[in-house]
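Welcome! Let's take a walk through this structure together, one stop at a time.

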There are 2 protein chains.
Amino acid sequence: MQAQLIALDWGTTSLRAYKLAAGGQVLNQRALSSGIMQLPKGPRLIHGEACSDGFELAFHDVCGDWLDAQPELPVIACGMVGSAQGWREAAYRETPANVASLGNALETVRSRRGTEVHIVPGVIQRSTLPNVMRGEETQVLGVLHSLPDEAAGDLLIGLPGSHSKWVQVAEGCIERFDTFMTGEVFAVLSEHSILGRTQQRGQGFDAAAFDRGVQVALSVDGDSGPLSTIFSARCLGLTGELNAAAQPDYLSGLLIGHELAALATVQRRRRKAMALPAVLLIGNAGLCARYQRALHACGFAQVTLAEQATERGLWQLAVAAGLVRPAAIPSPSMEL
Amino acid sequence: MQAQLIALDWGTTSLRAYKLAAGGQVLNQRALSSGIMQLPKGPRLIHGEACSDGFELAFHDVCGDWLDAQPELPVIACGMVGSAQGWREAAYRETPANVASLGNALETVRSRRGTEVHIVPGVIQRSTLPNVMRGEETQVLGVLHSLPDEAAGDLLIGLPGSHSKWVQVAEGCIERFDTFMTGEVFAVLSEHSILGRTQQRGQGFDAAAFDRGVQVALSVDGDSGPLSTIFSARCLGLTGELNAAAQPDYLSGLLIGHELAALATVQRRRRKAMALPAVLLIGNAGLCARYQRALHACGFAQVTLAEQATERGLWQLAVAAGLVRPAAIPSPSMEL
């Protein structure tokens, strides 16, 4: 099947490339660790010319051969590649944002080989406390496209990660969202605080320790908030009630539990209802599994997982931008 | 005036020594950076013998000359010097704890010069989530001694720091306490998270930025908790609403605001009353001034500062242990 688009998911620490055929079907994919904060260093020869630009080098590494074979393939990219520290800044677009508004606002950078890379802007919410996302908007739009409209009304889309996003959607639009720095807080506490000193890391997932942390966050002790409850990881270790190998997942459960307890409070207030919305999770399978456990404990009864959100979102945005045709799956005669 | 006691406040990063006269009057004091995690390294000659024990070296540095002049002076010490990583572990004593119960449980280590160093145990609270303190118990007992009994009933003693402690007291006892890792969380976020990358540090205290952070924590946006609101330091920076130099104090206000909002909730629940207790703060003047601002914003109407808490506590414990006589200020005939 003939490729129609190269789609790049270019974040802080990783670079994923997808070769997509008609309808967004994935023909090939690759992942490099060449995120914008760890770009390759040159100089190195590319097509006979010395190159020391990290973006050019990473771009060549991840899809240079695909472009050699099909030089006219359009390229679209989302994520931190469009930030102020990226290859070309793609200014945030305001909420509400949908496939059309973002697809019509792609920023373009011309690579050394002449290929234009079309970069998806992030989204900003200008609420009392502003909020931003970059990369997640593409994933949300990717799953929204295949949802029936009526499903979106009572839906919350969750994107667990270093900075978890919780996105309210309506009529194909990103309407409102919250960010929780849970993943990054977990990482810095584990690596740089006193809590890390007694942790034994590198074991498999300890579900009991994780669930215990979630339950503490939801208990009356959790009222004192994460700044207080996290100290229990140390104290329970001192009293012999929590062994070193269980401490990382206990802390993970505590923090995710606090995140979701606060999320439930905020969602109930905004919706003026006790009932919590259905949740659709997008992201790393292991992390989504943790969130799924904790969501159930927090009273979110319906949780499902979405797949291929990024590549589907990039395809939809490329269609909206006119980079590819919105063809259905091609007939057999069109295949190579 | 004749010295009667050497009192050491020996923590993780610092070592303070006080030479005390009758009644606990401070004759002399010193501070070194020889906390238990940054002890001096040997070998070095002490009284003609090579010594490479960091505790011995620091002890010699901070009060060797005082002991040379008065070899019979008793020595008492509190803080992390009594932890498992300290000079000699002084096992935690359970709540309720008072001057008598701790003073009768001093742990002793004999220094190379033959002086016994009496180490104050920490305090453990065996609640559902256990909690520990080490060093703060001495400060609390130091201020409790000079308070009228009736004042303690509606009092909360606050010790801001890397790990803030909030202590409920009754009849001269430490009854119950909570820990918030606010100071350490602030430090690791500023030094190791994405929030630090846009901070410009080293300016003077920005009261407006601090107060703004406190107000966000107390606002409806604060319902999403610190894991969420801290991201606003970045977003407000991106939108130009918070400059780089204001970001550290904004984050400080946010975190302290969340700590105190949670503290108020918990105190109201435990006391079954809307009225909040009077607060007595012990600690670093600059940090206490921040907490005082934020406490007022959170509805704690009466806040006072205590001084010389550590040296007064060490004196009281030495009296209880029989290391010194509980003399009042000596008559002139007793002075040297």
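**From domains to details**

The C-alpha centres of domain 1 of chain A and domain 2 of chain A are 34 Å apart. Keep in mind as you look around that this is a predicted model. In the domain assignment of chain A, domain 1 is made of residues 3-134 + 311-334, while domain 2 covers residues 181-301.

Our next stop is a pair of helices. Helix 10 of chain A spans residues 247-271 and helix 11 of chain A spans residues 285-297; the two pack with their axes 10 Å apart, at an angle of about 55°. That angle makes helix 10 of chain A oblique to helix 11 of chain A. As for handedness, helix 10 of chain A and helix 11 of chain A form a right-handed crossing.

Which residues bring these helices together? From helix 10 of chain A come Ser252(A), Gly253(A), Ile256(A), Gly257(A) and Leu260(A), and they meet Arg290(A), Tyr291(A), Ala294(A) and Leu295(A) of helix 11 of chain A. Sorted by class, this contact between helix 10 of chain A and helix 11 of chain A has 5 nonpolar, 3 polar and 1 charged residues.

Finally, let's visit a single residue. Ser164(A) sits in strand 13 of chain A, which runs over residues 164-170. Is Ser164(A) buried or exposed? Ser164(A) has 26 other C-beta atoms within 10 Å, so Ser164(A) is buried. Setting aside neighbours within four places in sequence, Ser164(A) is in contact with Gly158(A), Leu159(A), Thr179(A), Phe180(A), Thr182(A), Gly183(A) and Glu259(A). Leu39(A), by contrast, is 125 residues from Ser164(A) in sequence and 24 Å from Ser164(A) in space, C-alpha to C-alpha.

Notes. Residues are numbered from 1 along each chain as its sequence is written. Chains are lettered from A and ligands numbered from 1 in the order in which they are written. This is a predicted model: local features need pLDDT of at least 70, side-chain atom pairs count only at pLDDT 80 or more; totals for chains, interfaces and linings use all residues. Axes are lines fitted to C-alpha atoms, for helices over the stretch in contact, and angles run from 0 to 180 degrees between N-to-C directions. Helices (H or I, at least four residues) and strands (E, at least two) are DSSP runs, numbered from the N terminus. Angles under 35 degrees count as roughly parallel, over 145 as roughly antiparallel, 65 to 115 as roughly perpendicular and the rest as oblique. A crossing is left-handed if the near helix is turned anticlockwise from the far one by less than a right angle, and right-handed if clockwise. Two residues are in contact if their C-beta atoms, placed from the backbone, lie within 7 Å. Ala, Val, Leu, Ile, Met, Phe, Trp, Tyr, Cys and Pro count as nonpolar, Asp, Glu, Lys and Arg as charged, and the others, Gly among them, as polar. Domain bounds come from an automatic or database domain assignment. A residue is buried if 20 or more other C-beta atoms lie within 10 Å of its own, exposed if 12 or fewer, and partly exposed in between; C-beta atoms are placed from the backbone.
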